[in-house]
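Me: I would like to learn how to read the features of a model. Please give the general idea each time, and then the case at hand.
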Amino acid sequence: MLNLAALSARNANNPDHEKAPFFVASSLNGAVIVRHRLRDQEREAFDRIRYTATKLIIPFERSDLGLGGRSVFVSETGWLDAFEELRGEAPDFGRDVAVLEAIDELPSLDPFLLREHMKRRGFDISPSHFEISAPDLARMQRFVGAEIAKLIELAYRDSEGQEGNIARLVEALLSAKTDDRLEPLRLTLRLEKENYKEGIFAWKGFLYYKWVLNTLWGNLRDVFSELGRVRVIGPIDSETAHELEALKNRLRQKMERQVKSVMSHLGVYDEVFSQLTVDGNALAFRDFLLKSPEMFLSLGDGCGLVSHIATYWRYQFPRGKPLAANVIQLVDTLQDFELSLGTDMHESQAA
């Protein structure tokens, strides 16, 4: 979810936030944007098969989202007319449409993937729109502290007392603002001031994805295990049963490849980080951070996909409940997962 209403409230006194907003239309900068799992009747509004969509919600009252609001799905039939009505008489309609279409290309709305994607699309949006949410920030603190303890020790070895205050330094690192307390880190990484923000952003992104994946592995392992044990409720003919097993096998193979791809990207990051903390090779780590946008986007995409699968599977099959579903529900869920993971090269060639 991208809660522009909350970001607007938190940055009420931040002129940079207002100078480079997400949208041209001011009415949209209090919106809430969500990746929405489509219900059966909602899918009929699209001209192609979709299982998830980007939903734009304009709250009736920004300070109380519980009061509801008006909404539209990006790319649903007739959405441009509905969107034009929602945004009002603001200029540059095409720019705001392009922003939403760019958002709709993403598998998730996490701040790091979203920022890099919008930047590459050429949109000038204030960094204050890409903050880690307060709950996520609190949960990340301990994980990130353990990850960077060696680097903190290396960077602050000549600063009395600093090496023992990892919690404060982690807080400064994860903050959306530049903090003078991180100056020794800048010097250790040998980042020029003009590259400092980009380098630190990339670093926070890799730490963020490591943390997200660290919290997901248990649920993802459950998906692999439960995929072979889930039962079909009600009658099922032999042909459908065969097709269901084939679907499970394809999905398992695609999930395994996606996980390997994500782990490969993180392995490259871990290698250069080890070169920095063990060998003192700051240049390799710096260059990696500043020259890896493709890997960053790929990692974000992969993380979003496995997160979607792990969390939605657990939503469909809560712990302690029967691991069972009717055949339509099960096939629907598995096809959603398979579609999100894309088409294999040999499948497209066969087609």
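Me: Is strand 3 mostly covered or mostly uncovered, and how many of its residues are buried?
Reply: Strand 3 is mostly covered, with six of its eight residues buried. Buried means under 20% relative accessible area, exposed over 50%, and partly exposed in between (1.4 Å probe, protein chains only). Helices (H or I, at least four residues) and strands (E, at least two) are DSSP runs, numbered from the N terminus. This is a predicted model, in which local features need pLDDT of at least 70 and side-chain atom pairs count only at pLDDT 80 or more, while totals for chains, interfaces and linings use all residues. Residues are numbered from 1 along each chain as its sequence is written, and side-chain values use heavy atoms, with hydrogens and water left out.

Me: What is the strand order of the open sheet, and with which pairing?
Reply: Strands of a sheet pair through backbone hydrogen bonds, either parallel or antiparallel. Here the open sheet has four strands in the order 1-2-3-4, and the pairing is antiparallel. Two strands pair if DSSP finds at least two bridges between them. Strand 1 (2-3) and strand 4 (69-73) are at the edges; each has a single partner strand, so one side of each lacks a neighbour in the sheet.

Me: How many bridges join strand 2 and strand 3?
Reply: Strand 2 (residues 32-37) and strand 3 (residues 52-59) pair in the antiparallel sense over six bridges. Arg35 has Thr54 of strand 3 as its bridge partner, and His36 stands opposite Ala53 in strand 3. On to strand 4: five bridges join strand 3 to this antiparallel strand, and Pro59 has Gly69 as its bridge partner there.

Me: Which strands does helix 4 lie across, and which does helix 5 lie across?
Reply: Axes are lines fitted to C-alpha atoms, for helices over the stretch in contact, and angles run from 0 to 180 degrees between N-to-C directions. Contact means heavy atoms within 4.5 Å. Helix 4 (residues 79-87) lies across strand 3 and strand 4, at about 150 degrees to strand 4. Helix 5 (residues 93-104) lies across strand 2 and strand 3, at about 135 degrees to strand 3.

Me: Is Arg87 buried or exposed?
Reply: Arg87, in helix 4, is buried, with a relative accessible area of 4%. Its side chain makes a polar contact of 2.6 Å with that of Asp96. A polar contact is a pair of N or O atoms within 3.5 Å; within protein, one must be able to donate a hydrogen and the other to accept it, and residues adjacent in sequence count only if both atoms are side-chain atoms. Apart from neighbours within four places in sequence, the contacts of Arg87 include Val24, Leu28, Asp92 and Phe93.

Me: At what angle do helix 10 and helix 12 cross?
Reply: The axes of helix 10 and helix 12 (residues 282-290) come within 8 Å and cross at roughly 85 degrees. The two helices are therefore roughly perpendicular to each other. Angles under 35 degrees count as roughly parallel, over 145 as roughly antiparallel, 65 to 115 as roughly perpendicular and the rest as oblique.
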